[in-house]
Amino acid sequence: MSALPNDIAAATREAIIERYENTAVRDALTGARDGSLTPGEGFFDLLADAKTIVDERGLVLAGDPRFSVSVAALVWSDPSLATPAVRLVDSEQSVDARLCCSRIELDLEEEVTSFELFYAGDVDMTPPPTGPAPVRIARAAAGSADGSSWDNAAPLSALNTMISKAALTGAEVWLRADAGTYTLPTSTMTISRGGTTAKAVTVRGVDADGNPMKAVFVGDRANPWSMGSPGGVAEHFWLNAGASNLVFKSIEFRNAGTCFRLRQANSNLTFEDIDGNNIRRLIQNSASSGQTASINGLTIRRCNGNGYSKQFVIVRYDSANVLIEDCHADAQKQDGDNFACGFQIDDTAHDVVFRRCISENNYNNNGSAYWNSDGFSGERGNYRLTLEDCVARYNTDGGYDFKSQITLTRCLGVENKRNFRMWGDAYLVQCVGQRPVKYGSGSIGQVYAYANSRVRVASCTFTDDTTGTNPFHIFATGFLAVDQATINATSHKGSKLFDDEGNADAPSVVWNHADTVAPSITSATQQTAVENQPKDYLLTLSEPGTLEISGPDAGKFARSGRTISMRAQDYDVANGPAADGSKILKITVVARDANGNGSAPTPFQVEIQDAADDPILPVEAFAYSGANGAWFDLSDTSTLWADVAMTVPAIVGGSVAVVQDKSGFGNHLVQPDPDRQAVFRMDGFYPCLEFNGASTFYTMGPAGGFRYPQFTAFAGLRRARDDSEDLSTAIFFGRRGTTTTSSSNGTFWLGVRGGASATFRMTNPSGTSDGVGGAVDRRLMLSFRSTDAVVRSNAVPVVDATDTAANTYPLATEQPLVGARYDGNGYLSFIDGRLYSLAVLNQACPDDIRFRIERQLAQSAGVIL
């Protein structure tokens, strides 16, 4: 209906038209423009109001970026309630923010509202909630403590409950960050609630208005920290089963222990924008004894470490689909916590991607012995690992130390002892290595190909000006292929480009990408073996390469470089030992060169022959009057326990708390401290304990035990190639027989020492008895008999020395140890390597019994006697 004349008359009033400009504002703010050539229109009751608006608008126009937005609707607002503000989302302009309205114009005919928007520092820019109201946590509970507002904030101890509450509505959990720091309690906070696959729950630090701000958690760790300093041992947040679909962001830890422990299996966890300053670990994927904590879907992004002593991040078990990007781990040379590592992947974790991560200053001062501490590391069970554009620098061992399937692209290693240490199937492309630095014992270099590896290097650049440093190193059974482009871009002052360090079966080759010629197997493929003895077969190839095996009996074989190893087979077993019920094991072997060319599949057969092998078990070995001692055979994995109570079986890749004594005398190997426990590994077919050479060892029986007048000791072991050239102790206990006052003299040691040696210390009057004979990085069966003071290595005498037997040993309460020795002040001479079997009998075993025990325990170590 049209307006009537009376209506028009009522709405009509006298108008005053004024034109106004503020020249002071115009001259002072020359950038103030609104994009219009005509004066802006406005309608006011008073001229003074119009002038005020012109002045204010001029100031606005010269400020932060502004936007003009039209909305196809009439939007009415009431400026008397608050300054009008809207949220503007425009992907093309890269904006998602709350903006103030400097002008709102409604076109009633077209039903269009035009906004002029701008940033303003005194206007709340927080994006308005687009979903459920957040649940709030503050330093201390307030009001009803239900988390509904800051006035009713919940305490940090209620985090698990608040996550559960937020999950019901899909809300976030806000941690108040602008009202002071949080004091971390000494007790652990457990999280067992999470979001859903459709909507994760985000826990994040914010200010009072919900803007991102890091919530700061402060612990009791000494700062500066050194080993033995008080505090810093707590584990702060445990993520137990049920804590899936969670996002943690905008958090800072200071002077803390282990910040997050992923303790049980979960999925879809994200950690973003989290800092750890002077901590032990940021994220530890570690289950309780005997359990697993696999995480499917783990993202760690933009997290920084500034001073840590253990690991910045460790991912374990069968965790998968892991992304770690834009993180920076700087250990700041914190030393003494059994060495630091920036990023560690363990067990069978797989499908892990690192992008643009830095790891530096991981430091382990181990004197003249081998120094550990890597930037990035992985174990043999891992697969499909990828590193892109990462940096490892100033680490005292490997920049990148991986024993698994991995691709490194455009990665930089700078001033690490060994920039790239590869033990598995590794491909390096466009990587750069610079200036390896000597720390402790062992060689330095750019790329290392270790036992059973297949390492290929393409289009990389390596530079070093240290005299005598060779860039490329190959160890026994390793394989290294380096293309010509890399060789052309490698500068060094060593004596050779490729260095096998005296190892046999350590081939290297210049990788020809155009090669299409397949290799061939030229050695005999029809073999025999005596029953119940492992056997190794070294194959010869027409060119350097690696082996692949398959076929019906492949499970009875393992490959190591160009060697095929067969586990011991019983001739008399029913329906075998071959898969077809015969005495002939059958597999197929393929040789593959650097370019991937494979040989024709070659049949390989081993005929098992009968023998009078006469095995011996503990019940017979200890069948003498007054028998005592211990017997450990790790091939019986039922003797390995993850807890001291021996209720939880150990798992491969997990720590071992107890190895059960099979002698029946109860002299178990025990280590209650998780940081000193060895790891249960499989070395091909052979179960073993892996000792780290820095902290791991076990007590054996009670204190003061094993003080036998006569004894025979046995150890099946394999010392790591990079172990210290100082003494490494396999067995240590006090015994009768010396007047020396030194706390370590008068003890019995059995271990390995030097570049390639076996040793024992009985001791003689001078206090030392050492000798050569065993080989480093080889499985050995060492034995010692006190009556003739002879060490045998693989049944061959290698050391002879004299003991003084007339006096009383001074330390009657000495604790027998395995893996280290004790000098009265602390533990030292830790063994770095693997232990397969061990026995001590309190008699000088007759020759025939000694050999039968050697042969029996040697089988567990893959040694043929």
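Me: Where is the place of E111?

Reply: E111 is in the loop between β3 (95-107) and β4 (112-118). Strands (E, at least two residues) and helices (H or I, at least four residues) are DSSP runs, numbered from the N terminus. Please note that this is a predicted model, in which local features need pLDDT of at least 70 and side-chain atom pairs count only at pLDDT 80 or more, while totals for chains, interfaces and linings use all residues. Residues are numbered from 1 along each chain as its sequence is written, and side-chain values use heavy atoms, with hydrogens and water left out.

Me: Is E111 buried, partly exposed or exposed?

Reply: E111 counts as partly exposed because its relative accessibility is 49%. Buried means under 20% relative accessible area and exposed over 50%, with partly exposed in between (1.4 Å probe, protein chains only).

Me: Which residues gather in the patch of negative charge?

Reply: D107, E109, E110 and E111 form that patch on the surface. Patches are made of residues with over 30% relative accessible area and no salt bridge; like charges are joined within 9 Å, and nonpolar side chains (Val, Leu, Ile, Met, Phe, Trp, Tyr) within 5 Å. Asp and Glu count as negative, Lys and Arg as positive, and His and the chain ends are not counted.

Me: Turning to salt bridges, how many does the structure hold?

Reply: The structure holds 40 salt bridges, each being a side-chain nitrogen of Lys or Arg within 4 Å of a carboxyl oxygen of Asp or Glu. One of them joins the side chains of E325 and R301, at 2.7 Å from N to O. This pair links distant parts of the chain, with E325 in strand β17 (residues 320-325) and R301 in strand β15 (residues 295-301), 24 residues apart. Both E325 and R301 are buried.

Me: What does D346 form a salt bridge with?

Reply: D346 forms a salt bridge with R681, and the closest N and O atoms are 3.4 Å apart. D346 lies in the loop between β19 and β20 (350-355) and R681 in strand β50 (residues 679-683), so the pair ties together parts that are 335 residues apart in sequence. Both D346 and R681 are buried.

Me: And R393, which residue does it form a salt bridge with?

Reply: The partner of R393 is E360, with the closest N and O atoms 2.8 Å apart. Because R393 lies in strand β24 (residues 391-393) and E360 in strand β21 (residues 358-360), the pair ties together parts that are 33 residues apart in sequence. R393 counts as partly exposed at 23% relative accessibility, whereas E360 counts as buried at 7%.

Me: Which residues do salt bridges that share partners join into one network?

Reply: The network consists of K249, E272, D273, R301, R302, E325, D326, R355, R356 and E388.

Me: Which strand pairs with β19 over four bridges?

Reply: Strand β16 (residues 304-315) pairs with β19 in the parallel sense over four bridges; two strands pair if DSSP finds at least two bridges between them. V313 has F343 in β19 as its bridge partner. Three bridges also join β19 to strand β22 (residues 376-378), again running parallel, and there Q344 has S377 as its bridge partner.

Me: How many residues of β31 are buried?

Reply: Five of the five residues of strand β31 (residues 445-449) are buried, and the strand is mostly covered. Strand β28 (residues 418-422) pairs with β31 in the parallel sense over four bridges, and R421 stands opposite Y448. Strand β34 (residues 472-474) runs parallel to β31 and is joined to it by three bridges, with A449 opposite I474.

Me: Lastly, the backbone. Which peptide bonds are cis?

Reply: The bond from N223 to P224 is cis, with omega near 10°, and the bond from G576 to P577 is cis, with omega near 15°. P224 is in the loop between β10 (215-218) and β11 (235-239), while P577 lies in the loop between β43 (563-566) and β44 (584-592).

Notes. Areas by Shrake-Rupley, 256 points an atom, 1.4 Å probe, with all protein chains shown as cover. Charge placed at Lys NZ, Arg CZ, Asp CG, Glu CD.
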